[in-house]
Each structure stands twice: as structure tokens, then as C-alpha cells.
Amino acid sequence: MTKVKELNIALLGLGTVGKGLVNLLNENKDEILNKHNAKINIVKVYERNADKLEKFGMDRALFTDDMQTIYDDPSVDIVVELLGRIHPSKEFIEGALKAKKNVVTANKDLICMHGGELLKVAKQNGVTMLYEASCLGAVPAINTLKNNFLGDEIKSIKGIFNGTTNYMLTKMTQEGLSYEDCLKQAQELGYAESDPTNDVEGIDAAYKLCILSRFAFGLDAQFDDISKKGITKITSQDIEIAGRLGYTIKLLAIAKCNNQKLEMRVNPVLVSNEHQLSKINGAFNACTVEGNYSDEITLIGRGAGSYPTASAVANDIMNFAHKMGDVGQRTLKKAKIEKDGQMKFYIRLSILDKAGVLAVIAKTFGDNKISIESAIQDKNDNPEVKSLIIVTHSTSSLNMNKALDKISKADVVQSVDSVLEVLG
Ligand code: HSE
């Protein structure tokens, strides 16, 4: 029998995911030994104080609050960073890579903003950095894109990359609750933080879209190239009208690549009830990958939480039991960014209810080469006016901006209340 491989870990951070990982490594140790002929030992835990280890039933002797002791310890094979935030995690990871330690991290902000830089440091030092858990928790999105579709051209990735907002939109849709009530519930359940900005404004989803786009298209996708619109302006009225038209509103992260030109956005979308993404409810995440030969494949699972995220971290750790020195990511080509997306739109306007109004609006769309698929008039909170809901055929987003600019200035239009993308 071959010798059991021992891998020694320094764990940075004993928070929610860190504790999940400690449990997993304890509970699954026989499984890991049988399946991988390997033993994973936690030999150091970086934390602010040692009491945290004791509270969690761990040996106080593993505690350190000095990263240098980890860099200097020749027995440490892998540094597992679960502190989150960019600083000081970036400096800690850099130090670990320079000390020739492999790194596993779940840090999406850091990988999105500085991943390329850190991978270079890893390469220069002959070590590897893996970060499956940075995107969509337990859903193996990075590994799927890295190891599959190898002969296909990936045309798009799209999905629900944020569980908090999906939970909120599901509640708004199924129970008719307001945005504010759903946010409160999401905070009480621990999904949303007290400052929910990153979730509700689409920033968290954009970090993940940026990372996954690099794997999907081999291009150096950047966070600033992603247009971001969150769910804060979504009203019960839009959700109800969307439902009547056969759609469910979801916050989607979308990246498309056409002739090496990359189009990336996070925004609320009316998803046809025929599409799988319309059926992903609660705090679940999903990612639909479209290859030119495979067509669409959708991964669904838990995108956050202690155990699901720990599962993705453990997967990366187990990779090292088999192939120390995996290069982690292909060389990326410079991305050209497409600013003009082609998509269908849902538009809700408050208009005066009098002769000629529709003609003005239809002419403006026509002048901008926008074709209307359907239009309905509906009641409005303001009895003086009516809501006009228009769904267009697929059109240029730049043309749509021009048309809406003109429409918003028309005397007969009181306000442009909603502009949402439509899928399917
Ligand atoms: N806050 C995120 C979510 C999880 O709600 O999906 C961490 O990225």
C-alpha cells in the first residue's frame, strides 16, 4: 500500500466558513483517507485571540496571530484564507505564496480585483492558488468551466449569483411582500448584512461574474467593465405585471462573448417562466452556461453558508492531494468590451390618458429602430394617469437609451418608472 499523503494546513479565520471546514475535515476524515489516501491536518489557526479556538474545542497550541510564524513553518503546505475582505488578506496571501505555500481562498472581492496579480506571484514561486469557493458556494462553477466545455466556444454565462437578493425577490413574488419587508426578513435570517449594499446593488454578483467570465472566455474581464443595477427599485407592481405576462423577475448576472467582444452586466431581468432560471427560488444560486455545441447547461445549488462554502474549500484542498502544482488558470487575453447589448426590454411608463399618446411613444421607438412586441395599459397609483407597459423585441441598448431619453421629455409622459431586461 502506498504511503498516506499528509497535507498540513494553516487556516486563516475561524468564522462561519472556517468552522464549517473544521467540521468537514473531522467528520469526513475516514472518507478522505479511503478516497484520496490522504490525511489533512490543521497545524496552525490564525485568529485575533486564542479563546475562539478553545470555544470551538480546538487545541490552543494551534493559535497564532503572527503570519510570519506560518511563512516560516516548513511543515505548512497550504494556507487556507477565510478572512474575507481585501486587506489584510491580500498581503497575507502574497506572503504565503512568496514563502512557497499553496493557497486556497474563498475571497471573491480579492480574486476579482487582484486575482491576476496574485496568480502571477504564485507562478513565480512555483505554487498554486485555488479559489472555487469564491463563486457560488458549493456550486462547482469554476471547476465546471475550467475542466469542461473544452472543445466548445462558450457563448454566454448567466445566472443567479446572489442568494440574498434571490431570497428577497422570491418572497416579493410569492407572498407579495414589499422590498423593505423582504430586506428585513433577509437580515433577520442572516442572509443580508446590516449594510446590504453589496448584495442589493448587484456588486457581490458582479465580483462572481468577473471571475467566472475569465474562466468561460479566457479574457481578462474587469469589475469596472460590468454594468450594475440592483433590485432596490423593483416594485410589487412590476413583479405582478411580469407574472401576468408569464415572467418572473430575477437579478441575473450575464456575460456574453461574441468575436472576442465581451458584454457583462448584472441587472434585474424578466425571465420567461419557461426558462430554468425562473424556477430557482429562495437563497439558491444557479449558473447557466451556453456552449455553441453543448447548448445550455445549468448548475444549481447553495451559494453561501458555512457547510456549502466549506465543501468548495475542501474540494480545492483535496486537489492538492493529487496534483500539487496545478496552474490554476489559463493565460488571459485582453478583453474588448461591448457596451451595446442586444436584448428585449420591459418598460413601464406613467402616461396621460388622452388621444395621440401612444402614437408619440410608438414613433419614438420606431425612429430608434425599436420594434414593440406587446403593449398593455394598466391602472396607476395616481388616478390622473395610466401605466403603459411595453415589451420590445430584441434591440440595441444604446438605441433604447436614446429613445427613453426622448420619451422621458415628452409632455404626455409623466415618468419612466421601470426599464428591465427580458429573457426568453
Ligand atoms: N451575500 C452572498 C449571497 C453570499 O447572498 O449570495 C456571499 O457572496
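Predicted model: local features only at pLDDT ≥ 70, side-chain atom pairs only at ≥ 80, totals over all residues.
1. The contact between the two draws on 10 residues from domain 1 and 13 residues from domain 2. For orientation, the domain assignment places domain 1 at 5-134, domain 2 at 141-303 and domain 3 at 342-423.

2. How much area do domain 1 and domain 2 bury between them? The value is about 1,000 Å², with 58% of it on carbon and sulfur atoms. On the domain 1 side, the residues that lose the most area to domain 2 are Lys108, Cys112 and Glu132, and together they make up 52% of what that side buries.

3. Charged pairs also join these two domains: 2 salt bridges are counted between domain 1 and domain 2.

4. Across the whole model, the salt bridge count comes to 25. Another pair to look up is arginine 348 with aspartate 238, whose closest N and O atoms are 2.6 Å apart.

5. Next, a helix pair. Helix α1 (residues 16-27) packs with helix α13 (residues 306-322) at an angle of about 65 degrees, and their axes are 8 Å apart. The crossing of α1 past α13 is right-handed. From α1, the contact uses Thr16, Val17, Gly20, Leu21, Asn23 and Leu24. From α13, the contributors include Tyr307, Ala310, Val313, Ala314 and Ile317. Sorted by class, this contact has 8 nonpolar and 6 polar residues, with no charged residues.

6. Two backbone details deserve a look. Which peptide bond is cis, with omega near 5 degrees? That is the bond from histidine 87 to proline 88. Proline 88 is found in the loop between β4 (78-81) and α5 (89-98).

7. The other detail concerns phenylalanine 149, a residue other than glycine with a positive phi, near 55 degrees. Where is phenylalanine 149 in the chain? This residue lies in the loop that runs between α7 (141-147) and β7 (154-160).

Terms used. Residues numbered from 1 in each chain as written. Heavy atoms only, no water. Axes fitted to C-alpha atoms, helices over the stretch in contact; angles between N-to-C directions. Helix = DSSP H or I, 4+ residues; strand = E, 2+ residues; numbered from the N terminus. Left-handed = near helix turned anticlockwise from the far one by under 90°. Contact = heavy atoms within 4.5 Å. Nonpolar A, V, L, I, M, F, W, Y, C, P; charged D, E, K, R; others polar. Domains from an automatic or database assignment. Buried area = accessible area lost by both parts, 1.4 Å probe. Salt bridge = Lys/Arg side-chain N within 4 Å of Asp/Glu carboxyl O.
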